[in-house]
Amino acid sequence: MSTWLLPENIADLLPSEARKLEELRRRLLDRFRVYGYELVMPPLLEYLESLLTGAGQDLGLRTFKLVDQLSGRTMGLRADMTPQVSRIDAHLLNRSGITRLCYAGSVLHTRPAGLHATREPYQIGAELYGHEGLEADAEIQQLMLDSLALAGLARLRLDLCHAGVLQALLAEVKLPAPLEGKILSALASKNRSQLVLLTAALPVLIRDALLALPQLYGAASVLEVARARLPALPAITRALDELSFLAGQAMGAEVTVDLADLRGYAYHSGVMFSVYVDQASNAIARGGRYDKVGAVYGRERAATGFSVDLRELVTLSPLTARSSAIFAPWRQDTALREKIAALRERGEIVIQALPGHAEDLDEFACDRILVQHGDQWQVEAKE
């Protein structure tokens, strides 16, 4: 086997891709900052029990595991940064009021999420802790949309769902965990024939409601249809009211509702949202409320947040990664060196040609050049 061959679904980022990813990372983190979010940097690996505490079985299956040579304990390479940020809020910061945190870094998956997906996503996101009201969900939702628009994406579609609807229906019947999991899977895939078989023995009211969920999708007006077709349970009414409120808060996106889009259901405790664009078949960003995650760290806190795979965003963003630069010749000239230093101090990219490589450039677009006029060096447009 060639020594340079990488594992499946693992890839290098070449200069143009890496530059674009880094520029998008900076843009998004700067946008998080103007909203008041503080940057945290969790470690790449932790003891497994800490890394997976409060997480679902799916996260455990996606996590690479290894043995710590110092302690002999099992460690894991993070597959998701959200539980780590929850641990930081609950255990390390331990603030009493609102906490806004953001993060950016690589995560590793044992298996790719899709046929062409990477096993090393670059996850970037934001989390808001300490406020139970919908105002927090609205803020996170808008920050997510603003961030994607900042990456140059157009025609964003915000898709809303709510874990409380299914939770309220299943609370009326006591199902074995395996059956509940199969129903959840059938709902997510909108497999009506399978759902009919799985719910055959359930009370008619609950069965009809579960069969209706895959049909309750479309414009925000479908929420009124849901009120008519679903049982008037207090929890369902509250969930539909919350979705209606958030649908009216979104700016810069078309809003849709899909009451069967239950990916992440076991993790979320309230509203869930996803963003879609024409160029991708799957959601490019996901988020929602997960109030109970911090409890396993000794402090139950209201929490809501979202995350994006920056690697995927790079492939979708129309922003160019090439940078305008100034071309400078190589000479033993003090005035030239001082001019180059002054330009770089101002943030200009100045690329100095090395002997024998006058135009050996790729990533940077040198649209200007340093030209000598007497004892002065001046920047001029490159012909």
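Reader: What share of the contacts between residues at least 6 apart in sequence joins residues at least 24 apart?
Author: In the protein chain that share is 67%, where contact means heavy atoms within 4.5 Å. This is a predicted model, so local features need pLDDT of at least 70 and side-chain atom pairs pLDDT 80 or more, while totals for chains, interfaces and linings use all residues. Residues are numbered from 1 along each chain as its sequence is written, and side-chain values use heavy atoms, leaving out hydrogens and water.

Reader: How many helices and strands?
Author: The protein chain has 13 helices and 16 strands, which are DSSP runs numbered from the N terminus (helices H or I, at least four residues; strands E, at least two).

Reader: And how much of the chain is buried?
Author: Of its 383 residues, 46% are buried, meaning under 20% relative accessible area with a 1.4 Å probe, protein chains only; exposed is over 50%, and partly exposed lies in between.

Reader: How many disulfides?
Author: The search of the whole structure gives zero, a disulfide being a pair of cysteine sulfur atoms within 2.5 Å.

Reader: Cys102 and Cys366, then: buried or exposed?
Author: Cys102 is buried, at 2% relative accessible area. Cys366 is buried as well, at 13%.

Reader: New topic. Where is Asn282?
Author: Asn282 sits in the loop between β10 (271-276) and β11 (285-289). Because its relative accessibility is 49%, Asn282 counts as partly exposed.

Reader: How far is Asn282 from Gly114?
Author: Their C-alpha atoms are separated by 9.8 Å, with the two residues 168 apart along the chain.
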